Amino acid sequence: MSEYNEYVTAINKIFDYLAKLQAGWSSQDNLNYIESINEYRQAVANYAATFKNPATPEAKPEALGND
């Protein structure tokens, strides 16, 4: 499996688990934490392009939690 496929599979699993947790939890604090993680979903998806085009070494993912 290519690095791109491994990355996409891992990211899909993470966000799938988060969706399941969100559906099962009633704690507003936990739901807010999940929502804050979900804000990074598009950035993570965009970063997958670096595995398709490794010629862009300057592209780095945004660090989570450094807001």
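## Words to start with

A residue is called buried when its relative accessible area is under 20%, exposed when over 50%, and partly exposed in between (1.4 Å probe, protein chains only). What you see above is a predicted model, where local features need pLDDT of at least 70 and side-chain atom pairs count only at pLDDT 80 or more, while totals for chains, interfaces and linings use all residues. Residues are numbered from 1 along each chain as its sequence is written, and side-chain values use heavy atoms, leaving out hydrogens and water.

## The overall fold

Four helices and zero strands make up the secondary structure, giving the pattern α-α-α-α along the sequence. Here, helices (H or I, at least four residues) and strands (E, at least two) are DSSP runs, numbered from the N terminus.

Of the 67 residues in the protein, 15% are buried. The protein exposes about 5300 Å², with 53% of it supplied by carbon and sulfur atoms; these areas come from the Shrake-Rupley method with a 1.4 Å probe. Looking at contacts (heavy atoms within 4.5 Å) between residues at least 6 apart in sequence, 42% join residues at least 24 apart.

Side chains of opposite charge can pair when their charged atoms come close. A salt bridge is a side-chain nitrogen of Lys or Arg within 4 Å of a carboxyl oxygen of Asp or Glu, and by this rule the count is one.

The partners are Asp 16 and Lys 20, whose closest N and O atoms are 3.5 Å apart. Because they sit four residues apart in helix 1 (residues 3–24), about one helical turn separates Asp 16 and Lys 20. Asp 16 is partly exposed, at 38% relative accessible area, and Lys 20 is exposed, at 52%.
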